[in-house]
Amino acid sequence: MDMIGLYPTWFEPGIGSGWVVGLIATAHVLFSHTSVGAAIFFAWLANYAHRHQRPELLEFIRRYGLFLLVFSYVLGSITGPGIWYSTTVASPRGISALIHSFVWMWAAEWVFFIIEVVGVYMLVYLVGKIDIKTHTRLSLIFGLTSYTTMLVIVGILSFMMWPGKAEWHQAGGVLNAFYGPNTFAQLGMRTAFMFAITAVVGGIVVGRFKDAELKNDIARKLALLGIVATLVGAAMLQWYLATLPESAEVVMENRLPDYFPVALMAVIGGTLAYFLLTWVQPRALVSAAAGVMTVVITVFGLWPEEVARESIRKPWVAGQYVYSNQVVGVDVPGMGVKSEIPKIEAHGFLKTHIFMPEHLRTVTEANRVEAGQALALTACANCHSLSATGMRPLRKYFAGSHTESEVAEYLKAALSGGNTIYMPQIPLNDEEARALAAYILTTTQPAEVKAVAIAKE
Ligand code: HEC
């Protein structure tokens with residue numbers, strides 16, 4: 001029988017593999033956005049210093065550049081490969097889908113990245129050692145190459161949401177996959193917010209400046225950059241939201257917590273207030289406050305943004321053809337890819353998954369809970385935590401008292417036909433649905449028993 005070439009599942013029991021990826025990605029977004037934003041700000045500032053004969057401003061480039069060498073280029077270079085490692089085990093076929101479409105895009109990105117790394121060293125260590133015109137040109141090259149790395153990555157990230165052009169599924173083609181409305185909207189939004197992050201992190205550097213006049217001058221410039229960036233970012237966010245697929249809208253309307261829009265507005269408002277304050281009182285800017293603000297933006301801005309983007313992409317992980325649980329869900333003639341759903345419908349998930357332990361391929365009285373657990377691990381765990389914590393814990397949907405056949409029926413109705421828009425189509429045959437139900441009920445029972453015990457006390 002034809003098997004499906006799924007990989008073994010990486011199971012992270014505490015928080016789920018998705019959150020591990022999310023945590024690394026959030027840190028990486030902070031480091032990388034800061035550096036790209038700073039690169040462009042440096043290019044502007046170097047030009048400004050050159051035109052206004054103010055070489056003392058280059059001191060900021062030198063100090064911020066030095067800070068970035070550790071903050072962005074060491075920590076960023078650890079978390080960047082961290083994303084590769086974690087996504088490759090969390091979602092091997094998602095990564096495979098991206099590589100099949102974008103291998104040369106990535107190759108190009110790495111070339112630009114190398115120029116960027118060499119560039120930041122030159123900018124920092126050649127201040128005052130080469131003539132200011134050459135230094136200004138270097139800063140331009142650094143800014144442009146940095147931004148190009150961002151463009152390439154954003155195109156690939158947008159493909160994860162959906163292919164740039166609808167005809168890609170039929171026609172294939174890297175440019176069809178890469179360029180679309182979502183690509184440009186996301187690029188615009190990230191560009192704006194990246195400047196806001198650059199301005200906040202820049203405060204950590206400038207807060208230590210002893211020369212009060214220089215400090216005030218640069219702190220004000222950063223504050224202005226931050227104010228404009230935050231306002232433009234809020235507008236870009238609206239544009240971005242308008243370029244999302246329908247499934248994303250459904251998840252956003254029904255599944256993001258109610259406080260989400262309010263919290264988002266609060267973060268944007270708080271960031272604006274912070275910049276206004278530093279603009280009015282640049283003298284008051286201290287590194288510690290900027291450091292706290294950086295943490296606030298990371299925890300309340302970047303983390304929810306990454307989690308929400310991951311959430312609204314459901315049920316797909318890439319190109320609207322690879323489901324988050326790694327099964328290929330539709331035909332993609334343009335790539336010569338065929339849906340695996342018919343195979344699963346014909347033979348069942350347990351029989352077709354190549355890494356399924358042999359003794360679980362057929363459900364028996366003795367192995368049904370174990371088989372159900374194997375199904376939950378391979379078909380659901382990528383999106384649902386199997387413990388009580390983490391991402392969308394599976395057991396929380398079945399907290400009341402249910403019988404096994406009720407749960408089995410419910411699962412079949414929700415999953416087999418593919419009519420739950422944010423979940424993959426997972427054709428479960430009767431035995432599989434009952435096995436899965438039996439397993440899910442073993443996870444909800446102890447909690448209930450505990451609740452009853454507490455109630456009795
Ligand atoms: C592609 C990711 C994904 C996979 C894989 C997945 N789900 Fe879901 N599931 C979701 C999302 C998103 C929700 C929305 C609920 C939320 O956000 O809390 C959801 C909701 C549910 C619900 C709540 C009822 C509902 O319709 O909203 C149940 C029950 C459920 N999933 C069961 C399962 C089971 C069982 C499996 C494995 C056989 C599974 N899911 C696989 C993403 C997924």
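User: Which exposed residues does the face of H15 turned away from its buried side carry?

Analyst: That face carries Glu409, Tyr410 and Ala413. Exposed means over 50% relative accessible area, buried under 20%, and partly exposed in between (1.4 Å probe, protein chains only). The model is predicted: local features need pLDDT of at least 70, side-chain atom pairs count only at pLDDT 80 or more, and totals for chains, interfaces and linings use all residues. Residues are numbered from 1 along each chain as its sequence is written, and side-chain values use heavy atoms, with hydrogens and water left out.

User: What makes the buried residues of H15 lie on the same side?

Analyst: Glu404, Val407, Ala408, Leu411, Ala414 and Leu415 are buried in H15. They cover an arc of only 135° around the axis, so they are on the same side of H15. The arc is that of the directions from the helix axis to the C-beta atoms.

User: Why is glutamine 320 called buried?

Analyst: Its relative accessibility is 16%, so glutamine 320 counts as buried. Glutamine 320 sits in the loop between S1 and strand S2 (322-323). Helices (H or I, at least four residues) and strands (E, at least two) are DSSP runs, numbered from the N terminus.

User: Why is glutamine 53 called exposed?

Analyst: Glutamine 53 has a relative accessible area of 65%, so it is exposed. Its loop runs between helix H1 (17-51) and helix H2 (58-90).

User: What is the phi of glutamine 53?

Analyst: Phi of glutamine 53 is near 55°, a positive value in a residue other than glycine. Most residues other than glycine have a negative phi.
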